[in-house]
Amino acid sequence: MSQPPVEIFRFRLYVAGDTQNSIQALANLKKFCQVYLPDSHEIEVLDVFQESCQTLEDGIFMTPTLVKLSPFPMIKIVGTLNQSNIILQALGLDTLAL
Amino acid sequence: MANATTTHSLTSNKVPTGITGFDEITDGGLPKGRTTLLVGGPGSGKTIFAMHFLTHGVKEFQEPGIFVAFEEAPKRIISNFESFGWKLNELTSDQLFFLDAQPKPDFIQSGSFDISGMLAALEAKVKKMGARRIVFDALDIVISLLPDAASRRQEIYRLHDWLLANELTGLITTKASREEISSIDQQSFSFMQFMVDCAVMLNHRVIQGVSQRNLRVQKFRGSGFDEDESPFVIGRNGFDVALARTLGRVDAKVTSERVTSGVERLDTMLGGGYYRASSVLITGFPGTAKTTLSGAFAEAACERGEPTMFVSFDSDGTEVIRNLTSVGIHLQRFVDNGLLRMISARTITGSAETLLVRIKTLSKEHKARCLVIDPVSALSKAGNELTANGVAERLIDWSKSDGITLVCTSLLDEMSGQTDGGSPLQISTLADTWLHLNYLVQAGERNRGMSIIKSRGTSHSNQVRELILSDDGVTLADIYTAGGEVLMGTMRWEKESAERVANEVAEVAAQLKKVSLDAEEAVLEVRAKSLQTELVAKQVEKTLLQRTTESREREQSRGLERMKELRGADISHTGKKVDKL
């Protein structure tokens with residue numbers, strides 16, 4: 001977990017209860033992390049129905065939304081996260097593809 | 001609920017938008033606790049409509065509202081709306097909350113999503129502030145991000161359910177699907193139309209370079225509505241829907257009060273002047289003194305102390321005043337004391353509808369009781385032919401219901417012709433009083449004639465009068481008809497003087513005749529007197545004669561008796577016998 005050169009990717013996934021999209025997104029994210037970021041990721045799941053005020057503050061309107069909190073810059077990816085190449089590109093991990 | 005029968009309960013099922021005209025068209029406003037779809041092309045006024053609806057709720061009903069902006073940043077919206085004087089800055093976020101839901105430029109999408117997050121966030125907000133009204137502006141932006149028709153449909157449905165569950169009166173705006181730039185596909189668009197309880201279409205066309213905006217209520221579940229397209233204007237006070245007169249509207253108060261036309265003899269011709277709050281149409285060719293007649297009306301109105309507005313399309317206000325001064329109509333003094341407001345509408349560009357709204361706004365500001373529009377035919381300038389009729393109709397309707405006495409002039413051009421006598425706007429049928437001015441060319445002169453073509457509810461002269469403009473003002477003169485020909489101007493003057501001479505001659509002749517008759521009478525009287533004297537003399541003579549005869553007879557008989565006596569004859573009984581003897 002604490003190998004200095006390896007950056008930890010901290011993710012927060014906003015889900016809308018147990019809706020289909022949200023369940024899919026969580027599953028896709030876990031799979032993605034296992035494949036590309038083993039041992040260098042943290043996932044926080046936030047249910048918008050439970051934390052609606054924070055959702056509003058964070059400006060999350062579409063669910064599911066994945067937010068990369070660190071490393072800088074923060075990015076948001078909306079959707080079920082079913083396309084790994086798009087996520088790799090967004091995270092700047094293109095080199096890891098294939 | 002929606003099938004409630006009485007007007008009152010129907011109205012209570014509606015949420016007023018505060019948009020002039022729209023609440024009348026829909027008989028109260030948007031359906032309460034339901035969803036309304038507002039469809040229109042870019043720049044058709046969707047956001048303004050929506051904002052009008054929200055601010056009206058906050059200001060008039062203390063109903064907090066939420067504005068969900070998908071297309072524009074709330075800050076920009078607020079500053080854009082400053083020009084309407086709604087003072088959005090003064091509203092707290094508890095009264096009017098803006099949610100910036102624009103998809104960010106760095107938006108990354110992978111796979112399908114839903115709007116549950118937003119709805120959850122909004123729900124918390126709605127509960128917190130007690131919002132009653134909500135607007136989703138440009139929903140098509142977010143819907144179009146969804147990958148397939150099924151998920152689009154699902155999200156629309158989700159939103160609809162959410163609105164119903166929260167008992168919010170919702171307004172969803174979206175770009176029209178007919179437009180090329182629409183980002184929403186036909187399928188989800190028509191699905192939305194079926195789903196909502198009320199659908200309103202806005203369209204914005206440019207006809208011969210003039211922008212024309214129209215609004216149409218396409219559907220309204222459980223309520224009657226005006227189905228026609230109604231023109232609307234985005235004016236200084238926001239959204240203003242022109243309302244054609246619909247059935248069931250309370251008629252304006254009808255008064256039998258008369259107001260002077262400013263020309264004394266015209267008042268006499270009309271049996272006392274125009275009716276208050278009536279509409280007067282003055283038609284005529286250029287230069288037939290239409291402006292002068294309306295100027296006389298304005299002057300008279302100001303003299304009564306009534307705020308008056310003079311809208312001139314032809315020339316500048318100061319020009320009108322100067323020109324009218326030459327015929328003894330002095331308006332400057334009323335401009336100075338604020339009673340009269342001159343508006344030069346030549347500078348106002350835009351559709352007939354825009355002009356009407358401007359005129360209405362200005363007239364409200366001025367609290368005008370009398371209004372002159374010179375000429376109203378300017379409304380049907382290029383590009384406005386289609387709408388001008390409706391505008392003229394509404395102009396008359398509006399002035400009537402506001403109790404404003406309206407005088408319009410209308411130019412008759414060669415095209416519309418004098419033969420049918422109609423003004424280009426067909427407002428001649430709507431106007432209460434119609435004065436027609438024309439020229440009569442005769443003996444090298446052009447003279448102005450005026451006649452009353454119609455005047456509802458007043459007895460009026462059917463004679464043509466000559467209109468004379470002089471330094472002292474406008475006067476009407478009788479015209480002469482001789483041998484079926486109408487005489488005016490110099491010919492009338494000649495006729496008048498000829499008649500005066502003829503009168504004098506006749507008078508002298510009569511006097512002469514009288515003198516000679518007097519003389520004859522005197523002669524006869526003298527003769528009668530002398531004859532009388534003669535008669536008396538004759539009578540005297542006759543009496544004398546008779547008396548002489550009698551006395552002679554007496555003498556004779558006496559002489560005979562005497563002779564008898566002397567002879568000793570028997571005494572006779574009668575003279576005759578004696579005589580015979």
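## Strand S16 of chain B and its neighbours

In this predicted model, strand S16 (residues 308–312) of chain B is joined to strand S17 (residues 340–344) of chain B by five bridges, and the two run parallel. Within this pairing, Phe310(B) stands opposite Met342(B) of S17(B). Another five bridges link S16(B) to strand S18 (residues 370–374) of chain B, again in the parallel sense. Here Met309(B) has Leu371(B) as its bridge partner.

S16(B) is largely enclosed by the rest of the structure, because five of its five residues are buried. In a regular strand, side chains alternate between the two faces of the sheet. Thr308(B), Phe310(B) and Ser312(B) lie on one side of S16(B), Met309(B) and Val311(B) on the other, and both faces are covered.

## Chain A: composition and order

Chain A contains three helices and four strands. Read from the N terminus, its elements follow the order β-α-β-α-β-β-α.

Chain A has 98 residues, of which 31% count as buried. Of the contacts in chain A between residues at least 6 apart in sequence, 66% are between residues at least 24 apart.

An open sheet of five strands has the order S2(A)-S1(A)-S3(A)-S4(A)-S6(B), with mixed pairing. Its edge strands are strand S2 (41–47) of chain A and S6 of chain B, each of which pairs on one side only. Helix H1 (residues 20–36) of chain A packs on this sheet and touches strand S1 (9–15), S2 and S3 of chain A. The direction of H1(A) makes about 165° with that of S1(A).

Inside the sheet, strand S3 (residues 65–70) of chain A pairs with S4(A) in the antiparallel sense over four bridges. Val67(A) has Lys76(A) in S4(A) as its bridge partner. S4(A) is also joined to strand S6 (residues 108–109) of chain B, by two bridges and in parallel. In that pairing, Val78(A) is partnered by Gln109(B).

## The contact between chains A and B

The contact between the chains draws 28 residues from chain A and 19 residues from chain B. On the chain A side, helix H2 (52–58), strand S4 (75–78) and helix H3 (84–90) each supply at least two residues. By class, this side of chain A has 17 nonpolar and 10 polar residues, with one charged residue.

Technical notes:
Residues numbered from 1 in each chain as written. Chains lettered and ligands numbered in written order. Predicted model: local features only at pLDDT ≥ 70, side-chain atom pairs only at ≥ 80, totals over all residues. Contact = placed C-beta atoms within 7 Å. Nonpolar A, V, L, I, M, F, W, Y, C, P; charged D, E, K, R; others polar. Pairing = 2+ DSSP bridges. Buried ≥ 20, exposed ≤ 12 C-beta atoms within 10 Å, placed from the backbone. Axes fitted to C-alpha atoms, helices over the stretch in contact; angles between N-to-C directions.
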